Amino acid sequence: MSESSLQRIAIVGNGGAAIHAIMALRGAGFEGSIQQISDTEGAAFNPMLGPYFLKGMIPWENCFPFGSDFYNDHNVECHFGSPVELIDADNKTINICNKKKLQYDRCLVASGASVVTPPIPGLSDLPYAFPLRTPESTLALQGAMSSAKKVLVLGASLVGVKVAEILSKKGVEVILLDVASQLLPRGAHPETAKLLETHFEKHNIDIRLGCSVDGFESGEDGNCCFLFDEIIEEADFVAVCTGIRPNCSFLDPSQVRIEQAVVVDKRMQTTAQGLYAAGDVCQGNNPLNGKNEWLGTWNNGCLQGRAAGLNMAGVATTYEGCIPQHVSPLYDWSYAQIGDVGRQGNRVRVD
């Protein structure tokens, strides 16, 4: 198919990768149809800004960095509140929940990721268990915080330690619990993690590592979590910060290569012709080791989306990838992780 005859582009998702792909398409002069499908409603939300809102550092509207006029301004036909049931990459069709079928010439999967709820008995039925990922869950967590006196933060991820900090600054008693042996098990060198643990303990965070939960039950005065050593703890609610999983269940693994996430090349092309992926749903190049890895950061997703948009518009573009990195203020410290902390020979410097 020639570039001049390319008229139908579909974007699945409504986050940073999807938005930057649309901007790149229109910026490159693409004048054909852009149909955007998402299970969410409204303007694109940046989940990385949720903790800053909860800290009171930014207003709520700043969590929606592109605004609600973006779609009209870029001539996008939106199918919002419409979960994708199936992408048939061989026939280039998308089935959405209202039984409507869309045909595309090129498609970008930028469907992001969702919070993983551990299979702990009673957790999924707990009325006072809150993740931090979507606008709805962020506001629910804000409401729960207003009257809480004691909270269990389940998961010592970067989100988990941020939530623990926010709660403790509000005078809430916090238990931070993880089955891992250190804080930030996916993103911190063990020596750095130990420094953070000491720092958090100085701020009265009760840290319990290498600790599992047998189950949850709802009580009249709060939620009960039963720990592995039969100690019963009560809390007003549970903050679920146990990681995320790519939203790619609507793809057929026999058509599209999926490992930890959807595999793409440096043009953001999947193994299926005409199908691209960007953002938290895909794993792309890590320039430090040349491997395809799932990085899951907002900036990386936006850059991937831009590269995908340009390539779908016919502007040959490669994206060399992003070095794994996280930067965040934690109390009076600034935590920064840059590079592959799992590589042998890494050392920590503390000034």
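Predicted model: local features only at pLDDT ≥ 70, side-chain atom pairs only at ≥ 80, totals over all residues.
Phe 53 is a residue of helix α2, which covers residues 50-54.

**Phe 53 and its surroundings**

- Phe 53 has a relative accessible area of 11% and is therefore buried, the cut-off for that class being under 20%.
- Beyond the neighbours within four places in sequence, Phe 53 is in contact with Ile 58, Pro 59, Trp 60, Cys 63, Thr 138, Leu 139 and Gln 142.
- Phe 200 stands 147 residues from Phe 53 along the chain, and 21 Å separates the C-alpha atoms of the two.

- In general, the strands of a sheet are paired through backbone hydrogen bonds, in either a parallel or an antiparallel sense.
- Three bridges join β7 (residues 106-109) to β19 in the parallel sense.
- Val 109 has Ala 277 of β19 as its bridge partner.

**Cys 107 in strand β7**

- Strand β7 contains Cys 107, a residue that counts as buried because its relative accessibility is 0%.
- Apart from neighbours within four places in sequence, the contacts of Cys 107 are Ala 10, Val 12, Ile 87, Ile 94, Gly 274, Leu 275, Tyr 276 and Met 312.
- Between the C-alpha atoms of Cys 107 and Leu 195, which are 88 residues apart along the chain, the separation is 45 Å.

**Helices lying across the sheet**

**Packing of α1 with α7**

- A pair of packed helices is described by the angle and the distance between their axes.
- For α1 and α7, the axes come within 7 Å and cross at roughly 35 degrees.
- The crossing of α1 with α7 is right-handed.
- On the α1 side, the contact is made by Gly 16, Ala 17, His 20, Ala 21, Ala 24 and Leu 25.
- On the α7 side, the contact is made by Trp 298, Gly 301, Cys 302, Gly 305, Arg 306, Gly 309, Leu 310 and Met 312.
- By class, the residues of this contact between α1 and α7 are eight nonpolar, five polar and one charged.

**Helix α7 in detail**

- The 15 residues of α7 should span 21 Å at 1.5 Å a residue, and this agrees with the 21 Å between its end C-alpha atoms.
- Because 11 of its 15 residues are buried, α7 is largely enclosed by the rest of the structure.
- Those buried residues are Asn 300, Gly 301, Cys 302, Gln 304, Gly 305, Ala 307, Ala 308, Gly 309, Leu 310, Asn 311 and Met 312.
- The buried residues of α7 pack against β1, α1, β7, β19 and β20 (282-286).
- After α7 comes Gly 314, which has a positive phi near 95 degrees.

Note on methods: Residues numbered from 1 in each chain as written. Heavy atoms only, no water. Pairing = 2+ DSSP bridges. Helix = DSSP H or I, 4+ residues; strand = E, 2+ residues; numbered from the N terminus. Buried < 20%, exposed > 50% of the residue type's maximum accessible area, 1.4 Å probe, protein only. Contact = heavy atoms within 4.5 Å. Axes fitted to C-alpha atoms, helices over the stretch in contact; angles between N-to-C directions. Left-handed = near helix turned anticlockwise from the far one by under 90°. Nonpolar A, V, L, I, M, F, W, Y, C, P; charged D, E, K, R; others polar. Expected span 1.5 Å × (residues − 1).
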